Amino acid sequence: MLHKKDSIRGDLEDDVFASTDLSIAMPKYKFPPDEQVARHAYQVVRDELMLDGNSRQNLATFCQTWVEPEVDDLMTVSLDKNMIDKDEYPQTAELEARCVHMLADLWNSPQAANTMGTSTTGSSEAAMLGGMALLWKWRERRRAQGKPTDRPNLVTGPVQICWHKFARYWDIALREIPMQGDRLIMNPEEVLARVDENTIGVVPTLGVTFTCQYEPVADVAAALDRLQEDTGLDVPIHVDGASGGFIAPFVEPDLLWDFRLPRVKSINASGHKFGLAPLGVGWAVWRDAAELPEDLIFHVNYLGGDMAVFALNFSRPGGQIVAQYYNFLRLGRAGYRKIHEAGYETARYLADEISRMGPFDVVYDGRGGIPALTWKLKEGIDHGFTLFDLADRLRTRGWQVPAYTLPADREDLAVQRILVRHDFSRDLASLLLDDYRRAIGILRKHAPRESLTEEEAGGFHH
Ligand SMILES: *Cc1c(COP(=O)(O)O)cnc(C)c1O
């Protein structure tokens with residue numbers, strides 16, 4: 001008995017790494033048979049996370065990698081808040097509703113107070129909802145005309161993968177406008193060439209994934225207005241504002257892309273990108289209730305008012321939405337503008353410096369899109385290395401600066417991209433430039449016998 005007591009005390013006093021639990025490798029793929037001391041299990045998991053990259057050096061992601069301590073705290077106190085349970089957490093639901101109205105106001109909805117919208121887990125879910133509303137409305141129109149509804153299509157520029165998913169899951173023909181020469185985004189002529197009576201909508205992107213440019217929403221809307229005058233065909237627009245929806249209203253309030261254009265029926269944006277909220281929140285907003293078909297909505301009346309529920313998920317965390325509301329209060333228009341303008345300045349500084357280095361042509365320099373830059377190697381010259389070699393070399397210093405080939409019809413063109421987020425300071429940018437120059441120097445001195453392929457260079461870019 002006494003002996004047992006001693007051994008238990010011994011276990012409690014053990015240094016975590018000298019404990020019997022940690023004297024063996026942990027189970028990896030078979031379900032663990034026994035319990036572990038919390039402190040030991042925690043240490044093992046915490047240590048594994050060390051092997052992940054350092055997110056702040058990940059210049060590929062559009063998503064938040066830094067938050068204020070107040071957001072940390074709000075996230076902690078919101079750990080138990082379930083967004084779907086509007087009965088138990090009516091105040092969290094109220095904050096969500098306020099965010100929707102604030103966004104409708106920010107995006108110039110004609111009746112912001114009565115607009116329809118919802119939080120989502122990100123732009124992918126929001127795009128799915130926006131796309132479904134377009135499909136339902138198109139079917140309604142076609143049925144009213146006694147016409148078939150079996151061959152819907154969607155016209156887009158080079159889109160993020162979420163639109164490929166939407167099209168595949170709903171069996172919709174995706175008419176994605178290919179890139180051509182130096183035109184890497186949609187234009188009105190290319191849109192008109194693809195629109196017909198089976199088009200459920202046109203989706204311009206404000207901040208294209210591959211180049212970060214804004215597609216010309218107002219020009220496309222004007223072209224569709226003319227089409228309607230000439231042919232009677234009325235094709236709605238949904239704007240994928242995943243990034244731009246949280247940038248343009250603050251930095252370029254005169255840019256026409258939102259509900260000021262009557263043809264824009266719905267908008268999605270990622271709260272966890274330039275909305276500056278922690279991971280896990282997006283938004284979908286419709287210009288007015290009429291654009292959101294009734295039978296897609298489930299009504300909940302716990303709040304006394306009419307709470308429209310339109311989402312793919314049931315239970316989901318509420319903290320991100322609470323944090324989003326905090327951001328709106330904390331920053332206001334002025335705060336978001338300051339943060340994003342700092343990002344643009346850093347992007348342009350990087351673009352200038354990179355074009356000065358010699359081997360590169362800047363494709364997008366942070367003007368006419370989101371705070372970011374893309375560049376390519378000068379064409380027609382043997383540089384002795386590729387952008388993939390450079391991306392790989394930079395990883396030795398922890399930087400992720402993705403290199404990738406563009407989609408159709410510019411699969412021949414490889415670019416490298418930097419997303420300038422809130423937390424990427426000018427000082428960090430200058431340190432990155434030093435490492436970039438050093439990487440070029442090493443690759444020039446030790447030219448790889450064979451360059452890395454895109455797969456070998458790895459990296460995630462969209
Ligand atoms: C990031 C992004 C998406 C997907 O958004 P998530 O919030 O990551 O789901 C969709 N469209 C564009 C243009 C994007 O940049």
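The C-alpha centres of domain 1 and domain 2 are 43 Å apart. Domain 1 covers residues 2-52 and domain 2 covers 67-462, with bounds from an automatic or database domain assignment. This is a predicted model, in which local features need pLDDT of at least 70 and side-chain atom pairs count only at pLDDT 80 or more, while totals for chains, interfaces and linings use all residues. Residues are numbered from 1 along each chain as its sequence is written, and side-chain values use heavy atoms, leaving out hydrogens and water.

Let's turn to the ligand. Around it are 13 residues, of which S123, S124, D240, H272 and K273 come nearest; a residue is near if one of its heavy atoms lies within 4 Å. The shell holds 2 nonpolar, 9 polar and 2 charged residues, with Gly counted as polar and Asp, Glu, Lys and Arg as charged.

| Side chain | Ligand atom | Distance |
|---|---|---|
| D240 | nitrogen | 2.7 Å |
| H272 | oxygen | 2.7 Å |
| K273 | oxygen | 2.8 Å |

The protein covers 89% of the 380 Å² of accessible area that the ligand has on its own, as computed by the Shrake-Rupley method with a 1.4 Å probe.

Now for a residue in a loop. Q160 sits between β2 (153-156) and α6 (161-169), where helices are DSSP runs of H or I with at least four residues and strands are E runs of at least two. Q160 is buried at a relative accessible area of 18% (buried means under 20%, with a 1.4 Å probe and protein chains only). The side chain of Q160 reaches the backbone nitrogen of C162 at 2.8 Å.

Terms used. Polar contact = N/O pair within 3.5 Å; in protein donor to acceptor, adjacent residues only side chain to side chain. Buried < 20%, exposed > 50% of the residue type's maximum accessible area, 1.4 Å probe, protein only.
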